[in-house]
Amino acid sequence: MRRDEISAWLRETDRSRLEQLWRQADEVRRQNVGDEVHLRGLIEISNHCVRECHYCGLRGPNRRLPRYRMTAAEILACARQARALGCGTVVLQSGEDPGLRAEWIADLVRNICVATGLAVTLSLGERDFAELAAWREAGASRYLLKFETSNRALLNRIHPPRDPQRPDRFAILRHLRGLGYEIGSGIMVGIPGQSREDLTDDLLCIQALELDMVAVGPFIPHPQTPLGAAGSASDHPDQVPNDPVTTCKVLALARLLAPLANIPSTTALATIGGTSARELGLRCGANVLMPSLTPARYRSSYEIYPDRASFGTSGGLSRAELENRIQSLGRRPGVGRGDSPNYHRRPRGQTCHDVAAG
Ligand code: 5AD
């Protein structure tokens with residue numbers, strides 16, 4: 001798709017034209033990744049964070065947030081629950097937390113692989129190459145690291161680098177690919193100061209990275225962050241709105257530009273648009289849902305942004321209810337790990353299965 005076509009879609013407001021975009025993305029989704037909706041069980045293992053991102057409630061300077069780290073036993077119990085719920089994958093997510101020691105994570109990954117046979121996805125921020133390698137060796141098969149925006153000036157403003165000498169997220173993604181991980185990345189839609197031209201660049205970047213997983217969510221202001229504080233609204237003349245329709249446009253375009261990728265209908269989308277937005281996500285390109293398995297007592301403290309939609313066991317959903325919802329959309333629950341078809345076209349490294357078998 002040409003740049004001007006992407007840009008035109010981002011400006012489109014006509015409802016029936018947008019229906020066409022949803023249909024086109026839905027068809028490309030069906031042809032490339034089929035009707036299965038894969039479930040990824042999300043476990044938010046720590047909300048400690050050393051970074052100071054201007055959008056995120058987990059940022060280190062937010063002293064009002066009670067901090068927690070789950071124990072290995074608690075995490076393993078959640079992983080077993082994920083399997084019982086029909087998930088093919090568990091996603092271990094956290095703030096950027098050096099308190100999660102590399103060896104401890106490696107042991108955890110090994111234990112989850114052996115105990116459940118599920119694919120393990122990590123989403124633990126910008127970590128050292130040696131740590132990423134050790135976790136891959138331990139059996140992790142995928143890594144999520146969003147680049148958030150391709151506008152460097154905007155990114156540096158809202159995501160201050162910890163140390164400018166360290167590799168940026170694009171360099172880390174390249175490295176992860178070299179280690180044999182499936183790689184996932186993505187953006188936020190409607191960051192104050194983000195223009196439609198920026199968003200067009202973001203989408204072209206998503207295409208160029210040949211991602212295995214793409215995540216797109218709306219920016220949601222958090223009052224205890226610089227970008228969520230009163231008076232931080234953008235006066236950019238071409239400001240991107242952070243609404244459900246704009247998010248779905250980006251989701252649909254991401255599907256057209258990365259046809260083989262696994263793409264979730266995100267919690268952030270459901271947070272601003274409710275259940276209907278989560279379902280619209282699945283009808284305009286998405287093929288993945290990520291129910292949260294984080295125990296309720298921790299989940300309220302994993303406050304990236306306020307009032308996160310609950311979905312999954314922390315939202316009281318059973319396996320039968322999850323399957324019913326998927327079937328009511330004319331789709332079927334995914335079977336197996338739900339690896340990226342993209343990934344299987346590349347040389348394969350060690351996977352969770354090899355570890356469990358060995
Ligand atoms: N609104 C939406 N998404 C957010 N994230 C962090 N803060 C916000 C917010 N205020 C997302 C970012 C980040 C992940 C940890 O959560 O995309 O990568």
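Visitor: Helices (at least four residues) and strands (at least two) are DSSP runs, numbered from the N terminus. With that settled, where is the place of F219?

Guide: The model is a predicted one. In it, F219 is found in the loop between strand 6 and helix 9, the latter covering 244–257.

Visitor: Is F219 buried or exposed?

Guide: F219 is buried, because its relative accessible area is 3% and the word applies under 20%.

Visitor: Which residues does F219 touch?

Guide: Leaving aside residues up to four places away in sequence, F219 touches Y55, M188, V189, G190, I191, P192, L227 and N242.

Visitor: And how far is F219 from R69 in space?

Guide: From C-alpha to C-alpha, F219 and R69 are 25 Å apart, and in sequence they are 150 residues apart.

Visitor: You mentioned Y55. Where is the place of Y55?

Guide: Y55 belongs to the loop between strand 1 and helix 3. Its relative accessible area is 9%, so Y55 is buried.

Visitor: Which residues does Y55 touch?

Guide: Again not counting residues up to four places away in sequence, Y55 touches E148, I158, H159, M188, F219, H222, T225, L227 and I304.

Visitor: Let us change topic to rings. How many aromatic pairs does the structure hold?

Guide: The structure holds three aromatic pairs. One of them is formed by Y68 and Y298 and is stacked, with 4.6 Å centre to centre and 20 degrees between the planes.

Visitor: Why does that pair tie together parts that are apart in sequence?

Guide: Y68 lies in the loop between strand 1 (36–46) and helix 3 (72–85), whereas Y298 lies in helix 11 (residues 296–299), so the pair ties together parts that are 230 residues apart in sequence.

Visitor: Are Y68 and Y298 buried or exposed?

Guide: Both Y68 and Y298 are buried.

Visitor: What sort of aromatic pair do F147 and F170 form?

Guide: F147 and F170 form a tilted pair, with 5.1 Å centre to centre and 35 degrees between the planes. F147 is placed in the loop between strand 4 (142–144) and helix 6 (152–158), and F170 in helix 7 (residues 169–178), so this pair ties together parts that are 23 residues apart in sequence.

Visitor: How about burial for F147 and F170?

Guide: F147 is buried, with a relative accessible area of 1%. F170 also counts as buried, at 12% relative accessibility.

Visitor: What sits over the ring of Y181?

Guide: The charged end of R136 sits over the ring of Y181, 5.7 Å from the ring centre.

Visitor: Now helices. At what angle do helix 4 and helix 5 pack?

Guide: Helix 4 (residues 102–116) and helix 5 (residues 129–138) pack at about 20 degrees, and their axes are 8 Å apart. The two helices are therefore roughly parallel to each other, as angles under 35 degrees are counted that way. Helix 4 passes helix 5 in a right-handed crossing.

Visitor: Which residues meet there?

Guide: A102, I105, A106, V109, R110 and C113 in helix 4 meet E131, A134, W135 and A138 in helix 5.

Visitor: What about the axes of helix 1 and helix 8?

Guide: The axes of helix 1 (residues 3–11) and helix 8 come within 9 Å and cross at roughly 125 degrees. That makes helix 1 oblique to helix 8. The crossing is right-handed. Among the residues that meet are I6 and L10 in helix 1 and L199 and L203 in helix 8.

Visitor: And helix 9 with helix 10?

Guide: The axes of helix 9 and helix 10 (residues 267–283) come within 10 Å and cross at roughly 50 degrees. Helix 9 and helix 10 are therefore oblique to each other. Helix 9 passes helix 10 in a right-handed crossing. P244, T247, C248 and L251 in helix 9 meet L269, I272, G273, L280 and G281 in helix 10.

Visitor: One last topic: what is phi of D307?

Guide: Phi of D307 is near 55 degrees, a positive value in a residue other than glycine. D307 is in the loop between helix 11 and helix 12 (319–328) and counts as exposed, at 71% relative accessibility. E210 has a positive phi as well, near 50 degrees, and is in the loop between helix 8 (196–208) and strand 6 (213–218).

Notes. Residues are numbered from 1 along each chain as its sequence is written. This is a predicted model: local features need pLDDT of at least 70, side-chain atom pairs count only at pLDDT 80 or more; totals for chains, interfaces and linings use all residues. Side-chain values use heavy atoms; hydrogens and water are left out. Rings of Phe, Tyr and Trp (its six-membered ring) pair if their centres lie within 6.5 Å; planes under 30 degrees apart count as stacked, over 60 as edge-to-face and the rest as tilted. Buried means under 20% relative accessible area, exposed over 50%, partly exposed in between (1.4 Å probe, protein chains only). A charge sits over a ring if NZ of Lys or CZ of Arg is within 6 Å of the ring centre and within 35 degrees of the ring normal. Axes are lines fitted to C-alpha atoms, for helices over the stretch in contact, and angles run from 0 to 180 degrees between N-to-C directions. Angles under 35 degrees count as roughly parallel, over 145 as roughly antiparallel, 65 to 115 as roughly perpendicular and the rest as oblique. A crossing is left-handed if the near helix is turned anticlockwise from the far one by less than a right angle, and right-handed if clockwise. Contact means heavy atoms within 4.5 Å.
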